[in-house]
Amino acid sequence: MVGENENNGNNRHSKSRKRSNDDKQNMEPKAAVTCSTPQESSKRRNKKEVAIFGNYRNYYGYRVGQDLDEDPRLQVMKGEWFEGKDCLDIGCNSGLITIAIAKAFGCRSILGVDIDGDRVRDAYWTLRKLVKTSTHNTSADAELVNGLKNHASESLTEAALKKDLLKIVSFQKGNFIQNWRPPASTYYSAVLCLSVTKWIHLNWGDDGLITLFRRVWTHLLPGGVFILEPQPWSSYYKNRLVSEAAAANYKNIEIPPEDFQDILLDKIGFQRVENITSGLSGTKSGFDRPILAFWK
(Lines give C-alpha, C1' and ligand atoms only; values in the text may rest on other atoms or scores of the structure.)
Protein backbone atom coordinates (compact mmCIF):
# COMPACT_ATOMS: atom_id res chain seq x y z
CA MET A 1 0.00 0.00 0.00
CA VAL A 2 2.79 2.39 0.81
CA GLY A 3 4.68 1.52 -2.35
CA GLU A 4 1.79 2.56 -4.58
CA ASN A 5 2.25 6.20 -3.55
CA GLU A 6 6.04 6.36 -3.45
CA ASN A 7 6.61 8.14 -6.79
CA ASN A 8 4.10 10.97 -6.31
CA GLY A 9 5.60 14.43 -6.15
CA ASN A 10 9.29 13.44 -6.15
CA ASN A 11 10.31 16.52 -8.11
CA ARG A 12 8.43 18.77 -5.72
CA HIS A 13 10.54 17.64 -2.78
CA SER A 14 13.96 18.28 -4.34
CA LYS A 15 15.70 21.25 -2.68
CA SER A 16 18.81 23.27 -3.29
CA ARG A 17 20.61 21.16 -0.70
CA LYS A 18 20.56 18.24 -3.15
CA ARG A 19 23.88 16.49 -3.64
CA SER A 20 24.97 13.72 -6.00
CA ASN A 21 23.95 10.28 -4.83
CA ASP A 22 27.50 9.19 -5.54
CA ASP A 23 28.66 11.33 -2.63
CA LYS A 24 26.38 9.72 -0.07
CA GLN A 25 28.07 7.55 2.51
CA ASN A 26 26.59 4.62 4.39
CA MET A 27 28.11 4.58 7.80
CA GLU A 28 27.04 3.32 11.20
CA PRO A 29 26.80 6.16 13.76
CA LYS A 30 29.24 5.93 16.61
CA ALA A 31 27.93 5.14 20.05
CA ALA A 32 26.82 8.09 22.15
CA VAL A 33 28.66 9.10 25.30
CA THR A 34 25.98 9.19 27.98
CA CYS A 35 25.49 8.83 31.70
CA SER A 36 24.28 5.50 33.01
CA THR A 37 22.03 6.03 36.05
CA PRO A 38 20.10 8.82 37.75
CA GLN A 39 22.52 8.61 40.70
CA GLU A 40 25.68 9.69 38.83
CA SER A 41 27.99 12.09 40.62
CA SER A 42 27.68 15.83 40.00
CA LYS A 43 31.12 15.83 38.42
CA ARG A 44 29.97 13.39 35.75
CA ARG A 45 26.71 15.29 35.20
CA ASN A 46 28.55 18.55 34.65
CA LYS A 47 30.71 17.15 31.88
CA LYS A 48 29.69 18.23 28.39
CA GLU A 49 27.31 15.59 27.14
CA VAL A 50 27.63 14.14 23.66
CA ALA A 51 24.36 12.66 22.47
CA ILE A 52 24.47 11.86 18.76
CA PHE A 53 20.93 10.48 18.84
CA GLY A 54 19.50 13.34 20.91
CA ASN A 55 19.52 11.00 23.89
CA TYR A 56 20.33 13.67 26.47
CA ARG A 57 20.15 12.45 30.03
CA ASN A 58 18.52 15.63 31.32
CA TYR A 59 16.39 16.35 28.25
CA TYR A 60 13.20 17.00 30.21
CA GLY A 61 15.15 19.28 32.55
CA TYR A 62 15.95 21.44 29.53
CA ARG A 63 12.51 21.13 28.02
CA VAL A 64 10.22 21.49 31.03
CA GLY A 65 12.46 22.87 33.78
CA GLN A 66 11.56 23.52 37.39
CA ASP A 67 9.16 26.38 36.65
CA LEU A 68 6.57 24.24 34.84
CA ASP A 69 4.23 21.73 36.47
CA GLU A 70 3.95 19.56 33.35
CA ASP A 71 5.10 19.20 29.79
CA PRO A 72 3.09 21.83 27.84
CA ARG A 73 2.60 19.40 24.95
CA LEU A 74 0.00 17.57 27.02
CA GLN A 75 -2.28 20.55 26.42
CA VAL A 76 -2.82 19.60 22.78
CA MET A 77 -3.30 15.86 23.29
CA LYS A 78 -6.84 14.51 23.24
CA GLY A 79 -8.11 11.75 25.49
CA GLU A 80 -9.97 10.06 22.62
CA TRP A 81 -6.62 9.28 20.94
CA PHE A 82 -5.38 7.27 23.93
CA GLU A 83 -8.18 6.17 26.26
CA GLY A 84 -8.41 2.38 26.40
CA LYS A 85 -6.01 2.03 23.48
CA ASP A 86 -2.55 0.63 22.73
CA CYS A 87 -0.02 3.39 22.09
CA LEU A 88 3.62 3.75 21.07
CA ASP A 89 6.14 6.50 21.88
CA ILE A 90 9.19 6.56 19.56
CA GLY A 91 12.32 8.08 21.11
CA CYS A 92 10.87 8.18 24.61
CA ASN A 93 14.10 9.28 26.36
CA SER A 94 13.56 9.00 30.13
CA GLY A 95 9.86 8.35 29.67
CA LEU A 96 8.27 11.33 31.40
CA ILE A 97 5.77 12.19 28.67
CA THR A 98 5.10 8.48 28.06
CA ILE A 99 4.11 8.07 31.70
CA ALA A 100 2.21 11.37 31.78
CA ILE A 101 0.05 10.34 28.81
CA ALA A 102 -0.77 7.02 30.49
CA LYS A 103 -1.77 8.81 33.69
CA ALA A 104 -3.69 11.60 31.97
CA PHE A 105 -5.66 9.65 29.40
CA GLY A 106 -5.94 6.06 30.61
CA CYS A 107 -4.20 4.12 27.83
CA ARG A 108 -4.74 0.38 27.78
CA SER A 109 -1.00 0.19 27.17
CA ILE A 110 1.79 2.50 26.10
CA LEU A 111 5.26 1.37 25.04
CA GLY A 112 8.21 3.76 24.96
CA VAL A 113 11.10 2.81 22.66
CA ASP A 114 14.52 4.46 22.80
CA ILE A 115 17.84 3.68 21.15
CA ASP A 116 19.76 4.33 24.38
CA GLY A 117 19.63 1.61 27.05
CA ASP A 118 20.63 4.14 29.71
CA ARG A 119 17.58 6.26 28.94
CA VAL A 120 15.37 3.15 29.09
CA ARG A 121 16.79 2.34 32.53
CA ASP A 122 16.12 5.93 33.59
CA ALA A 123 12.54 5.58 32.35
CA TYR A 124 11.93 2.44 34.42
CA TRP A 125 13.54 4.10 37.43
CA THR A 126 11.16 7.05 37.06
CA LEU A 127 8.17 4.76 36.58
CA ARG A 128 8.93 2.70 39.68
CA LYS A 129 9.50 5.84 41.75
CA LEU A 130 6.18 7.38 40.68
CA VAL A 131 4.27 4.16 41.31
CA LYS A 132 5.83 3.84 44.75
CA THR A 133 5.08 7.43 45.75
CA SER A 134 1.56 7.24 44.31
CA THR A 135 0.73 4.27 46.50
CA HIS A 136 1.63 6.40 49.52
CA ASN A 137 -0.58 9.27 48.30
CA THR A 138 2.25 11.78 48.36
CA SER A 139 2.70 14.77 46.08
CA ALA A 140 6.05 13.62 44.71
CA ASP A 141 4.59 13.00 41.26
CA ALA A 142 2.96 16.41 41.03
CA GLU A 143 5.09 17.36 38.03
CA LEU A 144 3.22 14.75 35.99
CA VAL A 145 -0.31 14.93 37.33
CA ASN A 146 -0.81 18.56 38.31
CA GLY A 147 -3.17 20.17 35.85
CA LEU A 148 -4.15 16.97 34.04
CA LYS A 149 -7.80 17.68 34.73
CA ASN A 150 -7.48 20.46 32.18
CA HIS A 151 -6.98 17.82 29.48
CA ALA A 152 -9.19 14.90 30.52
CA SER A 153 -12.41 14.41 32.45
CA GLU A 154 -12.10 14.17 36.22
CA SER A 155 -13.41 10.61 36.24
CA LEU A 156 -10.93 9.52 33.56
CA THR A 157 -8.02 11.19 35.35
CA GLU A 158 -8.89 9.61 38.69
CA ALA A 159 -9.39 6.21 37.10
CA ALA A 160 -6.06 6.42 35.30
CA LEU A 161 -4.25 7.36 38.50
CA LYS A 162 -5.66 4.33 40.27
CA LYS A 163 -4.48 1.86 37.62
CA ASP A 164 -1.32 -0.14 37.99
CA LEU A 165 1.04 1.84 35.80
CA LEU A 166 3.56 -0.99 35.85
CA LYS A 167 1.06 -2.99 33.79
CA ILE A 168 0.17 -0.11 31.47
CA VAL A 169 3.55 1.49 30.78
CA SER A 170 6.60 -0.35 29.46
CA PHE A 171 9.88 0.59 27.83
CA GLN A 172 12.23 -1.13 25.40
CA LYS A 173 15.67 -0.43 24.03
CA GLY A 174 15.51 -0.52 20.25
CA ASN A 175 16.51 1.17 17.01
CA PHE A 176 13.17 1.90 15.38
CA ILE A 177 14.81 2.57 12.01
CA GLN A 178 17.04 -0.47 11.76
CA ASN A 179 15.80 -3.43 13.75
CA TRP A 180 13.01 -2.74 16.26
CA ARG A 181 9.77 -4.63 15.70
CA PRO A 182 6.62 -4.65 17.85
CA PRO A 183 5.33 -7.83 19.46
CA ALA A 184 3.68 -10.17 16.98
CA SER A 185 0.26 -9.04 15.74
CA THR A 186 0.52 -5.76 17.68
CA TYR A 187 -0.78 -2.57 16.12
CA TYR A 188 -1.27 0.84 17.69
CA SER A 189 -4.07 3.39 17.81
CA ALA A 190 -1.65 6.24 18.51
CA VAL A 191 2.04 6.68 17.73
CA LEU A 192 4.03 9.62 19.09
CA CYS A 193 7.28 10.92 17.61
CA LEU A 194 8.15 14.10 19.48
CA SER A 195 11.34 16.01 18.61
CA VAL A 196 12.98 12.90 17.16
CA THR A 197 12.97 13.42 13.37
CA LYS A 198 16.08 15.61 13.34
CA TRP A 199 18.18 12.91 14.99
CA ILE A 200 16.90 10.22 12.63
CA HIS A 201 17.52 12.54 9.70
CA LEU A 202 21.10 13.36 10.75
CA ASN A 203 22.02 9.74 11.54
CA TRP A 204 20.31 7.95 8.66
CA GLY A 205 19.56 10.66 6.12
CA ASP A 206 16.48 10.93 3.94
CA ASP A 207 16.25 7.13 3.63
CA GLY A 208 16.04 6.82 7.42
CA LEU A 209 13.32 9.47 7.58
CA ILE A 210 11.21 7.72 4.96
CA THR A 211 11.76 4.41 6.80
CA LEU A 212 10.44 6.05 9.98
CA PHE A 213 7.29 7.28 8.25
CA ARG A 214 6.62 3.97 6.48
CA ARG A 215 7.03 1.92 9.65
CA VAL A 216 4.77 4.23 11.63
CA TRP A 217 2.11 3.86 8.94
CA THR A 218 2.53 0.07 8.97
CA HIS A 219 2.23 -0.21 12.77
CA LEU A 220 -0.87 2.03 13.01
CA LEU A 221 -4.37 0.65 12.99
CA PRO A 222 -6.76 2.09 10.39
CA GLY A 223 -8.07 5.34 11.82
CA GLY A 224 -5.04 5.61 14.11
CA VAL A 225 -3.24 8.89 14.76
CA PHE A 226 0.44 9.74 14.28
CA ILE A 227 1.48 12.70 16.45
CA LEU A 228 4.59 14.33 15.02
CA GLU A 229 6.70 17.16 16.42
CA PRO A 230 9.46 17.87 13.86
CA GLN A 231 12.42 20.08 14.69
CA PRO A 232 12.96 23.00 12.27
CA TRP A 233 15.73 22.91 9.69
CA SER A 234 17.51 25.79 11.46
CA SER A 235 18.15 23.52 14.45
CA TYR A 236 20.02 20.93 12.37
CA TYR A 237 23.03 23.18 11.89
CA LYS A 238 24.33 23.17 15.46
CA ASN A 239 24.12 19.37 15.66
CA ARG A 240 25.57 18.58 12.25
CA LEU A 241 29.01 17.73 13.67
CA VAL A 242 28.01 15.36 16.48
CA SER A 243 29.30 12.45 14.39
CA GLU A 244 30.87 11.76 11.01
CA ALA A 245 27.60 10.26 9.82
CA ALA A 246 25.65 13.37 10.85
CA ALA A 247 28.11 15.65 9.05
CA ALA A 248 27.83 13.63 5.85
CA ASN A 249 24.06 13.28 5.98
CA TYR A 250 23.55 16.97 6.73
CA LYS A 251 25.18 17.85 3.40
CA ASN A 252 22.98 15.43 1.48
CA ILE A 253 19.54 15.97 2.99
CA GLU A 254 16.99 16.69 0.26
CA ILE A 255 13.78 16.57 2.33
CA PRO A 256 13.51 19.58 4.65
CA PRO A 257 11.05 19.52 7.59
CA GLU A 258 8.62 21.80 5.79
CA ASP A 259 8.08 18.97 3.28
CA PHE A 260 7.26 16.29 5.85
CA GLN A 261 3.51 16.94 5.64
CA ASP A 262 3.43 16.45 1.87
CA ILE A 263 5.57 13.31 2.14
CA LEU A 264 3.26 11.77 4.75
CA LEU A 265 0.10 12.57 2.80
CA ASP A 266 1.20 12.07 -0.80
CA LYS A 267 3.88 9.41 -0.51
CA ILE A 268 3.18 7.41 2.64
CA GLY A 269 -0.60 7.39 2.46
CA PHE A 270 -1.98 9.22 5.51
CA GLN A 271 -5.49 10.51 4.86
CA ARG A 272 -5.54 13.86 6.64
CA VAL A 273 -3.58 16.14 8.93
CA GLU A 274 -4.38 18.66 11.63
CA ASN A 275 -1.97 21.25 12.98
CA ILE A 276 -2.70 21.20 16.71
CA THR A 277 -0.02 23.72 17.69
CA SER A 278 -2.51 26.54 18.28
CA GLY A 279 -3.58 24.98 21.58
CA LEU A 280 -0.03 25.03 22.90
CA SER A 281 1.13 27.59 25.46
CA GLY A 282 3.90 27.92 28.02
CA THR A 283 6.61 26.34 25.84
CA LYS A 284 10.16 27.19 26.86
CA SER A 285 12.28 29.28 24.51
CA GLY A 286 13.87 27.14 21.83
CA PHE A 287 11.16 24.48 21.94
CA ASP A 288 8.36 26.26 20.08
CA ARG A 289 7.87 23.59 17.43
CA PRO A 290 4.82 22.61 15.40
CA ILE A 291 2.83 19.57 16.46
CA LEU A 292 0.92 17.76 13.72
CA ALA A 293 -1.60 14.94 13.94
CA PHE A 294 -1.93 12.61 10.93
CA TRP A 295 -4.68 10.02 10.54
CA LYS A 296 -4.32 6.73 8.72
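These legends go with several close-up views of a predicted model. Residues are numbered from 1 along each chain as its sequence is written. Because this is a prediction, local features need pLDDT of at least 70 and side-chain atom pairs count only at pLDDT 80 or more, while totals for chains, interfaces and linings use all residues; side-chain values use heavy atoms, with hydrogens and water left out.

View 1. Helices (H or I, at least four residues) and strands (E, at least two) are DSSP runs, numbered from the N terminus. Of the 296 residues, 52% count as buried, where buried means under 20% relative accessible area, exposed means over 50%, and partly exposed sits in between (1.4 Å probe, protein chains only). Take the contacts (heavy atoms within 4.5 Å) between residues at least 6 apart in sequence: 76% of them join residues at least 24 apart.

**View 2. The largest nonpolar core holds 38 residues.** A nonpolar core here is a set of buried Ala, Val, Leu, Ile, Met, Phe, Trp, Tyr and Cys residues joined through side-chain atoms within 4.5 Å. Leu88, Leu212, Phe213, Val216, Phe226 and Phe270 touch the most other members. Elements that each supply at least two residues include strand E1 (86–90), strand E2 (109–114), helix H9 (197–219) and strand E5 (220–229). H9 gives the largest share, nine residues. Zoom in on leucine 88 and, leaving aside its neighbours within four places in sequence, you find it in contact with Leu111, Val113, Phe176, Trp180, Tyr188, Ala190, Val191 and Leu192. There's also a second, separate core of 34 residues, with Leu74, Cys92, Leu130 and Phe171 among them.

**View 3. Strand E1 is largely enclosed by the rest of the structure, because five of its five residues are buried.** Asp86, Leu88 and Ile90 point one way from E1, Cys87 and Asp89 point the other way, and all are buried. E1 and E2 pair in the parallel sense over five bridges; strands count as paired if DSSP finds at least two bridges between them. One of the partners to look for is serine 109 in E2, bridged to aspartate 86.

**View 4. Helix H9 bends by about 130 degrees at tryptophan 204.** The bend is the angle between axes fitted to the seven residues ending at a position and the seven starting there. A straight helix of 23 residues would span 33 Å at 1.5 Å a residue, but H9 spans only 17 Å between its end C-alpha atoms. (The expected span is 1.5 Å times one less than the number of residues.) Since 19 of its 23 residues are buried, H9 is largely enclosed by the rest of the structure.

**View 5. The cysteines form zero disulfides.** A disulfide would need a pair of cysteine sulfur atoms within 2.5 Å. For cysteine 107, the nearest cysteine sulfur belongs to cysteine 87, 3.9 Å away. Cysteine 107 is buried at 1% relative accessibility, and cysteine 92 is buried too, at 0%.

**View 6. Serine 185 and serine 195 each have a positive phi.** Most residues other than glycine have a negative phi. Serine 185, with phi near 60 degrees, is in the loop between strand E3 (169–173) and E4, and counts as exposed at 71% relative accessibility. Serine 195, with phi near 55 degrees, lies in the loop between E4 and H9, and counts as buried at 8%.
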